[in-house]
Amino acid sequence: MSHYIPPEDLDAVCRARRVHTPCPRCRGVGRAVDGWRGGMQVGMPWDTCSACWGTGDAEHAGDDVRQLRTDLAAADAERGLRWLAHAVGADLLSVRLALPHVTRQIERLRDRQDGIHAVWLTFNALAAALREMGGKP
Ligand SMILES: [Zn+2]
């Protein structure tokens with residue numbers, strides 16, 4: 001579905017959406033080709049406007065979806081770290097200190113894989129997850 005609105009219809013769209021100060025980026029529509037994910041996604045070029053966050057109103061922006069996603073990823077990483085600490089029977093600080101070393105070892109195992117691609121993918125995903133939890137080597 002296209003989100004293109006002809007310029008002559010923008011006033012009506014803004015009235016219908018109760019937009020008083022149209023966002024300069026999306027002209028009050030709330031969606032833009034260069035949305036918050038950087039635009040040009042395959043099959044989904046229109047995205048939520050990253051200036052007004054979908055409200056279309058420059059004076060009343062919606063929730064910053066990019067920040068929400070960052071906050072959710074951080075919460076997931078923290079939950080993963082707590083799960084790992086519980087699983088190995090260690091405190092959070094010990095696990096945090098061990099994570100960079102464990103991550104590096106897993107990356108070495110990954111880099112030595114030359115046979116089964118699924119094993120390489122698993123080591124790679126595990127290292128990425130540990131890095132998210134704070135195991136940045
Ligand atoms: Zn906008």
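This is a predicted model: local features need pLDDT of at least 70, side-chain atom pairs count only at pLDDT 80 or more; totals for chains, interfaces and linings use all residues.
Ground rules. Numbering starts from 1 along each chain as its sequence is written. Local features need pLDDT of at least 70, side-chain atom pairs count only at pLDDT 80 or more, and totals for chains, interfaces and linings use all residues.

Confidence next. pLDDT is the predictor's confidence in each residue, from 0 to 100. The protein averages 88, and 88% of the residues score at least 70.

Now the layout. There are 4 helices and 2 strands, in the order α-β-β-α-α-α. These are DSSP runs, numbered from the N terminus: helices are H or I, at least four residues, and strands are E, at least two.

On to burial. Of 137 residues, 20% count as buried. Buried means 20 or more other C-beta atoms within 10 Å of the residue's own, again placed from the backbone.

Where is the largest nonpolar core? It has 7 residues: C23, C26, V29, A32, C49, C52 and W53. A core is a set of buried Ala, Val, Leu, Ile, Met, Phe, Trp, Tyr and Cys residues joined through C-beta atoms within 7 Å.

Last, helix α2, residues 65-88. Of its 24 residues, the number buried is 1, so α2 lies largely in the open. Just after it, G89 takes a positive phi of about 70°.

Methods
The expected span of a helix is 1.5 Å times one less than its number of residues. A residue is buried if 20 or more other C-beta atoms lie within 10 Å of its own, exposed if 12 or fewer, and partly exposed in between; C-beta atoms are placed from the backbone.
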